Amino acid sequence: GTSDPYVKFKIGGKEVFRSKTIHKNLNPVWEEKACILIDNPRQPLYIKVFDYDFGLQDDFIGSAFLDLTSLELNRQTDVTLCLKDPHYPAHDLGSILLSVLLSPREEQQEGTMLMRKSWKRSSKNCDVLPNMPSRTGNLWHRIHSSNCVLMALFCVPSNQNHETFQTQSLRLSDLHRKSQLWRGIVSVTLIEGRELKAMDANGLSDPYVKFRLGHQKYKSKIVPKTLNPQWREQFDFHLYEERGGIIDITVWDRDAGKKDDFIGRCQVDLSTLSKEQTHKLEMPLEEGEGCLVLLVALTASAAVTISDLSVNSLEDQKEREEILKRYSPMMMFHNMKDVGFLQVKVIRAEALMAADVTGKNSFSFCDSKYCRKSDPFCVVELNNDRLLTHTVYKNLNPEWNKIFTFNIKDIHSVLEVTVYDEDRDRSADFLGKVAIPLLSIQNGEQKAYVLKNKQLTGPTKGVIYLEIDVIFNAVKASIQTLMPKEQKYIEEENRLSKQLLLRNFFRMKRCVMVLINAAYYISSCFDWDSPPRSLAAFLLFLFVVWNFELYMIPLALLLLLAWNYFLIISGKDNRQHDMVVEDMLEDEEEEDDRDDKDSEKKGFMNRLYAIQEVCVSVQNNLDELASFGERIKNTFNWTVPFLSWLAIVALSVFTIILYFIPLRYIVLVWGINKFTKKLRSPYAIDNNELLDFLSRVPSDVQVVQYHELKQDPSHSPSKRKKNNP
């Protein structure tokens, strides 16, 4: 568990300085100077420390106040401030050390503050580093003896050449490579809550649970109107420290239209748990009532690595044979969660957007005096596994030449590769992204992927070169398809959007129109609008009803799949690229940009929070219903051949079972299984195999997002303003 801390300084509610971000460090050293003009020394200096999470809201670590009236004029003073959380003042959140010099305005016109040693997990044994003079253009290293932390600071003039930046990038890559790799997996199953505190007027609560391990977070679903909720949710955390860590757990009551109520908290100390064993924990809630029931298991780390191109597992014949043997058909029942192996070579990118000019992303040229550049780095994500390359400074055509390996738990996962521009004083700027379903990967082929915008609906500037290999066991992959899909730790909160609501309405309307058109077709047969068609339908009706058996239902679905397959291989593919959905997604992206600007000015949706929540619920329900219909259609349309073949196997088995076994025996076995499931496995997670299967089939929106764009040399992102998020 580490953090990426930075510090904000405020006077009178106004931010006057913000430090740089120190990545992956609990004992950061900033060594930054800030000159702050003070109008009223009676106003305290408010100091807030945050943990930077790009793509998410930054986490509050702690805050402190510095009373400027307690300082002596013209005397440099070392000040140690304890960080506190106003909501939990008893908790020790570490300390921050400042060196402050307060001078009269007549002499210096400013107060000078040097931030030297910062946030520490404990304020005990707080060693102070000596002053370090800043030396422009040089690299300095400092090892803090008590904590053995290695820090590197670059201060580079604007006229330094490209080779120097490359050298610095390579040095930095070794510093952060190990900090990304986790040493184990913490598997947590949230079973239930017991006798929780009633927070609502009806004597009940709408509880949900938040988990945090370091920078990793997970939020459970909301169980309405109960004091004894049943969640039955399972998720995994990465364990970065061998000695373990502490999982912070808080329970909340959901309140529509106002701030959620705090129910209680507890902690799980992983260092006290033995590895390779499942522990049942009943955790009483502090500052509240009741308890939570959890299952926690610590297992060894999966094979996740970062290396240079010279270290390639698949090019080593011995290692390749071992990997192929691990996922061979003979190992189909060994370690069912280990489905496959993924290797991603992130080679280089070309013609990226320049993000380091006046805060805009619209410059991509360079003249003799000023050079518009970016500091790009790449983030590779597979579900909740996320690894980063090093940063290549001042370059629009960076070369990373890194190899990332992941264990595959679900072959239907989507590999996401995102390019960001590193910014010293603010959040990283988005440069482009690609999403690649694992089943669409062609092994060993180096490809140039056109970068897309945040919504994955259209191109942005630049391409990225990747070489990807996927090795998996088809039997394990098929079995995992029928298991619950892994959820993201923290997903973006849904917000109300007129265009998104309209899009989901039209998607739902298209699904309903299919049923209405089928009803009209049947009605026309009854009305004899076309005598030959009605006669054929009448004879088919008599034949089917007279000879109907239950096994004919899966057989009919099987024939439909086979018919569509033969249409595709014969070149008569009736599938069409969904331009309607794509146009809606592009319009929605434009409206998102307008909404972001409007919300800053008016905040109208915040004032109608309760109404917004109802509208968001309607919007999401429409999306779920439309996606359900589209996924059924895409199963029979062979959008994902692996899933369509799996459906053929399942329907064939169902047809044979229904043909040879009487229905009463099938219903009897099904009922006995349902009634005894809780008795046989009390903590089993409920799931529906059919819904789990359909969750792997992409909806029409996802088909558009995962569609690979062709590189167009004549394409200019400046022609489409919506490509610049």
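Guide: In this predicted model, the second largest pocket has a lining of 33 residues. Those nearest the centre of the pocket are Ala 650, Leu 651, Phe 654, Glu 689 and Leu 690. The space within this pocket amounts to about 1,200 Å³. By class, its lining consists of 25 nonpolar, five polar and three charged residues.

Six helices each give at least two residues to that lining: H3 (474–481), H6 (552–569), H9 (609–636), H10 (641–660), H11 (663–680) and H12 (689–696). H10 provides the largest share, with nine residues.

Consider H6 to begin with. Two packed helices are described by the angle between their axes and the distance separating those axes. For H6 and H10, the angle is about 150° and the axes are 8 Å apart. Angles over 145 degrees count as roughly antiparallel, and so H6 is roughly antiparallel to H10. The crossing of H6 past H10 is left-handed. On the H6 side, the contact is formed by Pro 554, Leu 555, Leu 557, Leu 558, Leu 561 and Tyr 565. On the H10 side, it is formed by Ser 644, Trp 645, Ala 647, Ile 648, Leu 651, Ser 652, Phe 654, Thr 655 and Leu 658. Of the residues in this contact, 12 are nonpolar, three are polar and none is charged. Leu 651 and Phe 654, which take part in this contact, are also among the residues nearest the centre of the pocket.

H3 meets H10 in another arrangement. Here the helices pack at an angle of about 80°, and their axes are 11 Å apart. H3 and H10 are therefore roughly perpendicular to each other. H3 contributes Ala 474, Ala 477, Ser 478 and Thr 481 to the contact, while H10 contributes Phe 642, Leu 643 and Leu 646. This contact comprises five nonpolar and two polar residues, with no charged ones.

H4 (residues 498–527) and H5 (residues 531–547) pack at about 100°, with 8 Å between their axes, which makes H4 roughly perpendicular to H5. Tyr 521, Ser 524 and Cys 525 of H4 touch Arg 533, Ser 534 and Ala 537 of H5. The contact of H4 with H5 holds three nonpolar residues, two polar residues and one charged residue.

Technical notes: Residues numbered from 1 in each chain as written. Predicted model: local features only at pLDDT ≥ 70, side-chain atom pairs only at ≥ 80, totals over all residues. Heavy atoms only, no water. 1 Å grid on protein atoms, 1.4 Å probe; cavity = no way out; pocket = protein on both sides within 12 Å on 5 of 7 lines; lining within 4 Å. Points joined across faces, edges and corners; volume = space filled by probe spheres on them. Helix = DSSP H or I, 4+ residues; strand = E, 2+ residues; numbered from the N terminus. Nonpolar A, V, L, I, M, F, W, Y, C, P; charged D, E, K, R; others polar. Axes fitted to C-alpha atoms, helices over the stretch in contact; angles between N-to-C directions. Parallel < 35°, antiparallel > 145°, perpendicular 65-115°, else oblique. Left-handed = near helix turned anticlockwise from the far one by under 90°. Contact = heavy atoms within 4.5 Å.
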